[in-house]
Amino acid sequence: MTTPDDPAPLDETFECTFELQPGWIDLTLREGTRAEAKALATEVVNRLNPLGPEIEKSAVFDGMVERAVDLNDDVPTLAAAYYSEAGEALANLTVDSYGDEGIARPGPEEVVPLLLQWGNAEVTGAPQITHLELAAGPAVRIQAMLKVKRMLGFGRKPAEFIKYAVFPPGMESLVVVTVIWEKIALTEQITELADEAVRTMRVTPLPAGGASTSADGGTA
């Protein structure tokens with residue numbers, strides 16, 4: 001809940017593009033509705049050719065609809081998921097921007113504790129923290145294990161994540177890319193996919209009223 005003294009969010013638009021490898025599916029919803037998620041899932045599933053008989057197209061469709069709705073709940077700049085050839089979702093990727101009018105964005109050291117905050121999970125173990133120079137700008141990369149709260153609060157399930165806090169030149173906003181997955185046995189593969197995707201990311205400020213762009217370069 002905001003109060004009259006709360007700073008206004010930054011009104012800063014930008015273009016965000018990725019050159020994603022096959023397997024990544026753009027699940028960004030413009031309107032955020034279930035009908036839109038179903039239309040998107042129908043288009044994607046019709047292109048899939050599941051190799052494993054244990055995965056039916058109907059299951060892929062239902063899972064993709066729910067995933068698209070969940071990923072777009074907080075209205076990210078971009079949402080995507082990585083799918084195996086059999087149509088199984090292995091990792092989620094979201095891009096968000098943060099900033100308030102009149103408040104300087106946090107620096108590379110200040111941003112670390114912010115990246116470790118999760119509303120429905122807690123970080124376990126020591127996080128790996130590295131500083132990068134990306135095409136999109138200087139960045140801080142954090143990788144760590146999580147314990148995520150289960151539905152209804154019963155127990156916790158393990159997961160792993162990478163967050164990249166990017167400081168695009170010429171912008172006041174902080175751009176954060178989050179990749180999260182549950183199959184820890186696939187950590188090496190997903191880490192490579194995530195790092196490769198972020199290396200291709202381009203962030204370009206736009207004039208007021210401009211539109212952001214999606215993972216495939218289409219205008220959002």
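A: Buried means under 20% relative accessible area, exposed means over 50%, and partly exposed lies in between, with a 1.4 Å probe and protein chains only. This is a predicted model, in which local features need pLDDT of at least 70 and side-chain atom pairs count only at pLDDT 80 or more, while totals for chains, interfaces and linings use all residues. Residues are numbered from 1 along each chain as its sequence is written, and side-chain values use heavy atoms, with hydrogens and water left out.

Q: Is Val-75 buried or exposed?
A: Val-75 counts as exposed, because its relative accessibility is 68%.

Q: Where is Val-75 found?
A: Val-75 is in the loop between α2 (57-71) and β3 (78-83). Helices (H or I, at least four residues) and strands (E, at least two) are DSSP runs, numbered from the N terminus. Val-75 also has a positive phi of about 55 degrees, although it is not a glycine.

Q: Which residues of α2 are buried?
A: They are Val-60, Met-64, Val-65, Ala-68 and Leu-71. These residues cover an arc of only 145 degrees around the axis, which puts them on the same side of α2. The arc is that of the directions from the helix axis to the C-beta atoms.

Q: What covers the buried residues of α2?
A: The cover includes α1 (34-45), β3 and β4 (89-98), where contact means heavy atoms within 4.5 Å. Helix α2 lies across β3 and β4, and it runs at about 145 degrees to β3. For such angles, axes are lines fitted to C-alpha atoms, for helices over the stretch in contact, and the values run from 0 to 180 degrees between N-to-C directions.

Q: Changing topic: how many strands form the open sheet?
A: There are 7 strands, in the order β2-β3-β4-β8-β7-β6-β5, and their pairing is antiparallel. Two strands pair if DSSP finds at least two bridges between them.

Q: Which strands stand at the edges?
A: Strands β2 (24-26) and β5 (121-134) do; each has a single partner strand, so one side of each is left without a neighbour in the sheet. On average, neighbouring strands of this sheet are turned by 20 degrees against each other, direction ignored.

Q: How many bridges are there between β4 and β8?
A: The two strands pair in the antiparallel sense over 7 bridges, with β8 spanning residues 174-181. The bridge partner of Thr-94 in β8 is Thr-178.

Q: And how many salt bridges does the structure hold?
A: It holds 4, a salt bridge being a side-chain nitrogen of Lys or Arg within 4 Å of a carboxyl oxygen of Asp or Glu. One of them joins the side chains of Arg-34 and Glu-66 (2.7 Å, N to O). Arg-34 is in helix α1 and Glu-66 in helix α2, 32 residues apart.

Q: What about Asp-195 and Arg-141: buried or exposed?
A: Both are buried, and their side chains meet in a salt bridge (3.0 Å, N to O). Asp-195 lies in helix α4 and Arg-141 in strand β6 (residues 137-149), so the pair ties together parts that are 54 residues apart in sequence.

Q: What does Thr-191 touch?
A: Not counting residues up to four places away in sequence, Thr-191 touches Arg-141, Gln-143, Ile-162 and Trp-181. Thr-191 is found in helix α4 (residues 187-199) and is buried, because its relative accessible area is 13%.
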